[in-house]
Amino acid sequence: MADLSKADIERVDFVWGIYDSTNEGIDAYYLGDLLRALELNPTLATIEKLGGTKKKGEKKLMADEFYPIFSQVLKDKDQGVYEDFIECLKLYDKAEDGHMIGGELTHILLSLGEKLSDQELDIVVKDCLDPEDEDGMIPYVPFLARVCGKPEPASENPFTK
């Protein structure tokens, strides 16, 4: 814990308390959720490498085991952040006006990186995606803001910063 700031430790303790209300540890199945609640974005491979499990009930983690995991993920530079995602989707913004073809976004979510299942895609689209306009275009910055839990920017056009 020597490499964690006091503020980091307080954040971990707060979130840990929510996930471990009985002081019996958390199921390693929820390791990714816990890290994401701490505003980190680990890949599924990273979660598995650090001790996360794919099934409930296989393993418990205690807080003292979690601090080094949190510290390691905090230092990991290989996790995408909101701004990286905007830069990626700008590649699909042909008119440079903050819009892309909705079908391209769903294709990306289904086929690139850690792919979403059809069911997961349906949930994300329902909860986070604005309807397509008459040309099949969607504003991608508000979508990313919703997915990443960021406030929606006043301007949809990421090229007008």
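pLDDT is the predictor's confidence in each residue, from 0 to 100. Keep that scale in mind, because this is a predicted model: local features need pLDDT of at least 70, side-chain atom pairs count only at pLDDT 80 or more, and totals for chains, interfaces and linings use all residues. Residues are numbered from 1 along each chain as its sequence is written, and side-chain values use heavy atoms, with hydrogens and water left out.

**Stop 1: colour by confidence**

Select helix α5, residues 82-90, where confidence is lowest at a mean of 87. Then jump to strand β3, residues 99-101, where confidence is highest, at 95. Where pLDDT is low, the predicted coordinates should not be read in detail.

**Stop 2: the largest pocket**

Now select Arg36, Asn41, Pro42, Phe85 and Glu114, which lie nearest the centre of the largest pocket. A pocket is found on a 1 Å grid over the protein atoms alone, as an open set of points where a 1.4 Å probe fits, with protein on both sides within 12 Å along at least five of seven lines; lining residues have an atom within 4 Å of a point. The lining here has 40 residues. Which elements give two or more residues to it? They are α2 (31-37), α3 (44-49), α5, α6 (102-111), α7 (118-128) and α8 (140-148). Helix α5 gives the most, with five residues.

The space in this pocket is about 1,800 Å³, a volume being the space filled by probe spheres set on the grid points, which are joined across faces, edges and corners.

**Stop 3: two loop residues with positive phi**

Select asparagine 23, in the loop between α1 (6-19) and β1 (26-27). Its phi is near 60°, a positive value in a residue other than glycine. Is asparagine 23 buried or exposed? It is exposed, with a relative accessible area of 63%; buried means under 20%, exposed over 50% and partly exposed in between, using a 1.4 Å probe and protein chains only.

Move on to glutamate 96, in the loop between α5 and β3. Here phi is near 55°, again positive in a residue other than glycine, and glutamate 96 is partly exposed at 49%.

**Stop 4: salt bridges**

The count comes to six salt bridges, each a side-chain nitrogen of Lys or Arg within 4 Å of a carboxyl oxygen of Asp or Glu. Show lysine 75 and aspartate 3, whose side chains meet at 2.6 Å, N to O. Lysine 75 lies in helix α4 (residues 63-75) and aspartate 3 in the segment before α1, so this pair ties together parts 72 residues apart in sequence.

Next, select aspartate 8 and arginine 11, with their closest N and O atoms 3.3 Å apart. Both lie in helix α1, three residues apart, about one turn of the helix. Aspartate 8 counts as buried at 14%, while arginine 11 is partly exposed at 32%.

Finish in helix α5 with glutamate 87 and lysine 90, which are separated by about one helical turn because they are three residues apart. Their salt bridge brings the closest N and O atoms to 3.0 Å. Glutamate 87 is partly exposed at 45%, and lysine 90 is buried at 17%.

Conventions
Helix = DSSP H or I, 4+ residues; strand = E, 2+ residues; numbered from the N terminus.
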